[in-house]
Amino acid sequence: MLPMSNLSPSPGTPMAASPLTRACLEIDEYAAGLGWDRPARLFALVDTARLKKQEPRLAGQLGLDQDDAGKSSLTPIEQDEVPKGTPLDKFLGTIAWPDAVVGCALTVERLMLPPSAEASVPEGLNDKQLSKWVAGHPERQEVRLTVAVLRDGSRESAVRLREKDSSTEVLTGAGLVPGLAEALAATFS
């Protein structure tokens, strides 16, 4: 595992947000700091108190030995790079997490169309043709999706539009990216 650099709460993160929402927004803010046109990134989510107790050196490297007021009770730990050229669903099918990991998250960039464009999608396109059609559509939006799930089934998502690249413009919700949430949840099966 590769420890992620110390994250501070995102400026727009509501203090009343659940630990999963806070972790999801922290990961979104971390990815935003790296810029756009980046590969997918996978994170293990661990219980911060348990990490401090069982791995004090790692907790120290992550800055968790400091006053944690306002920080999430979940600590994201970035994993090795997602292999290039491997479809995301196939890659996620190879993941197994140790018991110490209470959840996981993934951040990935995609092109999306507004719901109004769904009616104009040509029929009979394969995945490659559909991707090409979406990439050429005038209403396409570049987005960064951050999806987090816990072993208990809890889910959270953060969606950031490239054209509105600001932490105050990030949309959150448990059901925003259901397919990716399902794929991440399956890594705990």
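**View 1. Arg-41 and Glu-78 form a salt bridge, with 2.8 Å between their closest N and O atoms.** Because Arg-41 sits in strand S1 and Glu-78 in strand S2 (residues 74-78), the pair ties together parts that are 37 residues apart in sequence. Here a salt bridge is a side-chain nitrogen of Lys or Arg within 4 Å of a carboxyl oxygen of Asp or Glu. Arg-41 counts as buried, at 17% relative accessibility, and Glu-78 counts as buried too, at 11%. For these labels, buried means under 20% relative accessible area, exposed over 50%, and partly exposed in between (1.4 Å probe, protein chains only). Strands (E, at least two residues) and helices (H or I, at least four) are DSSP runs, numbered from the N terminus.

A word on the model: it is predicted, so local features need pLDDT of at least 70 and side-chain atom pairs count only at pLDDT 80 or more, while totals for chains, interfaces and linings use all residues. Residues are numbered from 1 along each chain as its sequence is written, and side-chain values use heavy atoms, with hydrogens and water left out.

**View 2. The whole protein has six helices and six strands.** Starting at the N terminus, the elements follow the order α-β-α-α-β-α-β-α-β-β-β-α. The protein has 189 residues, and 41% of them count as buried. Its accessible surface comes to about 10,400 Å², with 52% belonging to carbon and sulfur atoms; the areas come from the Shrake-Rupley method with a 1.4 Å probe, and for residues only the protein chains shown count as cover. Take the contacts between residues at least 6 apart in sequence: 70% of them join residues at least 24 apart. Contact means heavy atoms within 4.5 Å.

**View 3. Six strands form an open sheet in the order S2-S1-S3-S4-S5-S6, with antiparallel pairing.** S2 and S6 stand at the edges with a single partner strand each, so one side of each is left without a neighbour in the sheet. From one strand to the next, the twist averages 20°. Two strands pair if DSSP finds at least two bridges between them. S3 and S4 run antiparallel and are joined by 10 bridges; within this part of the view, look for Ala-105, whose bridge partner in S4 is Ala-148.

**View 4. Helix H1 lies across S1, S2, S3, S4, S5 and S6 and runs at about 30° to S5.** Axes are lines fitted to C-alpha atoms, for helices over the stretch in contact, and angles run from 0 to 180 degrees between N-to-C directions. H1 has 16 residues and reaches 23 Å from its first C-alpha to its last, close to the 22 Å expected at 1.5 Å a residue; the expected span is 1.5 Å times one less than the number of residues. Buried residues of H1 include Leu-20, Ala-23, Cys-24, Ile-27 and Tyr-30. An α-helix has 3.6 residues a turn, so residues three or four places apart point the same way. The strands that the buried residues of H1 pack against are S1, S2, S3 (101-112), S4 (141-150), S5 and S6.

**View 5. Ser-157 lies in strand S5.** Is this residue buried or exposed? Ser-157 is buried, with a relative accessible area of 1%. Neighbours within four places in sequence aside, the residues in contact with Ser-157 include Cys-24, Thr-146, Val-147, Leu-171 and Val-177.

**View 6. Helix H6 (residues 178-185) packs on the sheet and touches S1, S3, S4 and S5.** The direction of H6 makes about 35° with that of S4.

**View 7. Arg-160 and Asp-165 form a salt bridge, their closest N and O atoms being 2.9 Å apart.** The two partners carry separate labels: Arg-160 is buried, with a relative accessible area of 2%, whereas Asp-165 is partly exposed, at 38%. Salt bridges with shared partners join Asp-28, Glu-29, Arg-160 and Asp-165 into one network. In total, the structure holds eight salt bridges.

**View 8. Arg-162 forms a salt bridge with Asp-37, with 3.1 Å between the closest N and O atoms.** This pair links distant parts of the chain, 125 residues apart: Arg-162 is in the loop between S5 (155-161) and S6 (171-173), and Asp-37 in the loop between H1 (19-34) and S1 (41-47). Arg-162 counts as partly exposed, at 30% relative accessibility, and Asp-37 is exposed, with a relative accessible area of 56%.
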